[in-house]
Each structure stands twice: as C-alpha cells, then as structure tokens.
Amino acid sequence: MSLDSLVSLARHELAQLNFPPANWVPATKGPDNQPLLDALVVGGGMCGQTAAFALLREGVRNLRCVDRAPRGREGPWATYARMEILRSPKHLTGPDFGVPSLTYRAWHEAKFGAVHWDKLHKIARLDWAEYLLWVRDTAGLPIENDVEVVSLNLKEKFIEVKTKTSILHARKVVLALGREGSGALRWPAFETFDPRTRGKGMFHSADDIDFTALKGKRVGILGIGSSAFDNAGEALQAGAEVVMFARRPTMPQVNKSKWTAFPGFQHGYASLDDASRWRFYTYIFSEQVPPPYESVLRCEKHAGFALRFSEGWNDISCGEKQITVKTPTHTHSFDAVIVCTGFDVNLLDRPEIAAFRDAIDTWGAHVSKTEAQKFPEEARFPYLGDAFQLQGKAEGLGRVHVFNWGSTMSHGALGGDIPGIETGARRLAQGIARDLFLEDRELHWQRLQAHNEDELKPTKYFVSLSSRRSP
C-alpha cells in the first residue's frame, strides 16, 4: 500500500469512528465579546498534538494548538534529541489512538515495505518525527506554528493568554511544553562557573549545536546518561575527540521505568495514596536510568572516545581559545564542552505562569519535611488533580492542565513517554470534557428541556407539541 492509499484509508477509518464528532460545548463569550476558546493547547509536539487529537475525539472542537517553533521543529525529535533510534520498542503505539492505519507500523510499511519493518530493530528518530507530522496532517489536527505564548493570567471564568502578537482567551489551557516545559536547564553547582555568562564553545545538551564545527576538536562531556552518549556520538561522527566524565564509579544498569509500561500501572498509579505514589517514583528516579546499549556501542566504536569514571566536574573556566575543566583530581583543557545533565523539574521556573506560581501546590506539601529534603526535585513536582489540572490556593488554577514530564509524580509517565501517551491524553481530554460540562450544567439543563426531536412523527401515534400533556 502506498502512503497516499494509507492516507485515504486512515481518513475513511476516522470517518467510520465519527471523527471528529459534533461540538457539544455551548459557545461562551469572552471579554472581547468573541467566543472563548474551550481549550488552548500550548505546545505542538508529540504531547500537544496527541492532546489536541484526544480533545477532538471527545467533541471539544473549539480549540487551538500552538507551538513557538516552525513546522517540523516541534519538540525534541529534530532538535536536541540526538539518538539515532528511539529508546522504545518499535511495536508501541500511542499517537494513533487505536486506529490501525494511523500506527507507526502502518506508516513504515507503506513507506519502506513490510520486509523492512520485519527487519527493523528500533524506529529511527527522524522517521518518528516525520511520522508525527504525517499523523497531524492525516487527522487534520489544527496545530499553528510560530506562535509563542508569553504568559497566562487567571480570570474568574477563563484564562487570559498573551502571545508575542496577540491576546487569547480560553476556558482551559493545556501546557504540553515537553521536558523543557517542566522547569529550566539543569546545571551542577560549580565552584565559580555561572551558566548565564557562558562563553563560546560551552554548551548544554539541549542547545542547538553545530557538530560539524567540532571536527578535529577535543570535546569534554559531563554525564553518562542517554543524552550524554547521544551528544558524544554526534561529536565523534563529526570527527571530534571526546572525553566523557562521570562522578559515579559505574553506569546505572537497569531502567526501572520500563517496568511501569503496562496497563495496570498506567491506569492504577494515579489512584494510589500519596505515600504509595511517592514511594514508587522516588525509588524509580533514585535508581537512575542507564543509557541504551545502542548509544554506548555507537561511541565505543570510535577510537577517539574515552570515558573517565569517578571524576565529576568541580568548575569550568572559559578562556579565549580553550575551556578548562577542573575535577577533584585533574585539570583538563578542551575546545568545547557539553554539559549533559538534563532539565530540572521546577514548574515555578516557567515564565508563562509567573502570575500565579506561588499559589501552585507541589508534592513537597504532601510528604514529610524529611522526605521533601531527601528528594528535593521530586518535592518540586506539581501536585496535580485527576485530569492533570493544577491545584493550589488561587481560584481558577484547575483551568490549567500540565501534560508534560512535570505530571509524572502525580500520574506516572503519561505526559511524554510514548508507552503512556495515549492513556494520558485520554484521561486529560475526558477530564476537560467533564469539567466543561459541569461548568455549563444549567445551559445543558435548558438544552435538555428544549430538545424536541419528533421520534414518532412518521407514525400514526404522533402528537404535536402543542397537544402534548405532561405524564
């Protein structure tokens, strides 16, 4: 089957599923006397796209989904994710919502053939990025690029959303901002180095790096996680010499989070009591995640690769030509360095929510002070409601839903990882649909009373409205 034929089949199957159903949400006027958006999804990557898809499936059609990046640059897949292949098994589904012709496998077989699929080890990262765009186009998902949200302000019955070029008003806002949207770049506590004043050749793994410029250069990399090996692999393939550093004496060996990718955990975790949820994820995070073996082998095959265990970094000094790295035992010089320490989880760092950040409830308030001090990052995760909504002291916080990595302590890995994305998006959309209905209960009561579909009109038992009597 060709891709064109697959598109036709997928759209036919969507029509068979009555997608998208009729919009059932009553129109509500905003402060500008224009209809309020029922939902605004901020972020058009995998999470935002899938959230918009889920909302449309629930009949919430008065929505917009915006992303600050140009088309094809949404999320990490074509930007700072530098692995050659995905870390998930190839058979997993998610953004397709159970429509067979929208699965990655269907797309792959149509493009490369069934034999190629059978021989495939794991999905190529850039193929996954292309596939997501194909789902978006095939399902007609309304994603707008080059629209950057600057701030959210809570009002009595809606949220005022400022973008760089306009002001929007929405009853619900979904923050689907990916890993970066959970906080800020994480930097270790160096002795004197300030990342705000970093100079040329000093990078974080999430930066836009021109690896071709590193050919023939000596590159230092801090970290031994997945992103560290992926950045090292890019640099090595570009012709650089790479030295990787780790404060640990060995690599983590087991990815405990893989165990959670089964329906029982995905559906049941959020219903656990707080102590049980805290126990599960503080354990998972504490065990840390090893890099995929494919990423390690990608680096190991290069003669210019070296790995130094038990040697963390104390400081970085950026000179005009060289960057000096100080460790507890040595001083090293590099042409460039890449700090691969990921993102800190602290929603309060996000500029979009500055107006109400102090009112947001976090996990630190739901465990003992001792536990919060023992696991400070976990304590900073937002404490979310049953549909990923913020909770706290400000009225209207529940209109904001966090659908990214920051939702993990409350819901498990349903807001970013492929295995849980469908479960998470359904929960999110169904909760938003519920909230919109409850808020409009009186309007729906009026609609119910006004409903008059004359079922028996074609029969001899029909009675006109004016002649009917209440039983």
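**Entry 1: ground rules.** I call a residue buried when its relative accessible area is under 20%, exposed when it is over 50%, and partly exposed in between, using a 1.4 Å probe and protein chains only. I'm looking at a predicted model, so local features need a pLDDT of at least 70 and side-chain atom pairs count only at pLDDT 80 or more, while totals for chains, interfaces and linings use all residues. Residues are numbered from 1 along each chain as its sequence is written, and side-chain values use heavy atoms, with hydrogens and water left out.

**Entry 2: salt bridges.** I counted a salt bridge wherever a side-chain nitrogen of Lys or Arg sits within 4 Å of a carboxyl oxygen of Asp or Glu. How many salt bridges does this rule give? My tally is 27 salt bridges.

I started with Glu130 and Lys111, whose closest N and O atoms are 2.6 Å apart. Glu130 belongs to helix H5 (residues 125-139) and Lys111 to helix H3 (residues 104-112), 19 residues apart, so I noted the pair as a link between distant parts of the chain. For the helix and strand names I use DSSP runs numbered from the N terminus: helices are H or I with at least four residues, strands are E with at least two. Are these two partners buried or exposed, or something in between? Glu130 is partly exposed at a relative accessible area of 34%, and Lys111 is partly exposed at 34% as well.

**Entry 3: around Arg171.** Next I looked up Asp38, which forms a salt bridge with Arg171 at 3.5 Å between the closest N and O atoms. Asp38 is in the loop between helix H1 (3-16) and strand S1 (39-42), and Arg171 is in the loop between strand S6 (167-170) and strand S7 (173-175), so the pair links parts of the chain 133 residues apart. I get 2% relative accessibility for Asp38, so it counts as buried. Arg171 is buried too, with a relative accessible area of 2%.

Arg171 also meets Asp440 in a salt bridge, 3.0 Å from N to O. Asp440 sits in the loop between helix H13 (421-439) and helix H14 (441-450), so this pair with Arg171 ties together parts that are 269 residues apart in sequence. Asp440 counts as buried, at 6% relative accessibility. Which residues end up in one network through shared partners? I found Asp38, Arg171, Arg399, Glu439 and Asp440 joined this way by salt bridges.

**Entry 4: a sheet.** I then turned to an open sheet of three strands, in the order S4-S5-S6, with antiparallel pairing. Its edge strands, strand S4 (149-154) and S6, each pair on one side only. On average, neighbouring strands here are turned by 25 degrees against each other, direction ignored. My axes are lines fitted to C-alpha atoms (for helices over the stretch in contact), and angles run from 0 to 180 degrees between N-to-C directions.

Two strands pair if DSSP finds at least two bridges between them. Strand S5 (residues 159-163) and S6 run antiparallel and are joined by four bridges. Where does Lys162 find its bridge partner in S6? I traced it to Ile167. A hairpin takes S5 to S6 through three residues.

Entry 5: Most residues other than glycine have a negative phi, and most peptide bonds are trans. I checked the exceptions. Phe19 and Pro20 are joined by a cis peptide bond, with omega about -10 degrees, and Pro20 is in the loop between H1 and S1. Asn18 lies in the loop between H1 and S1 and has a positive phi of about 60 degrees, though it is not a glycine. Phe388 has a positive phi too, near 70 degrees. I placed Phe388 in the loop between helix H11 (376-380) and strand S16 (400-402), and it is buried, with a relative accessible area of 0%.
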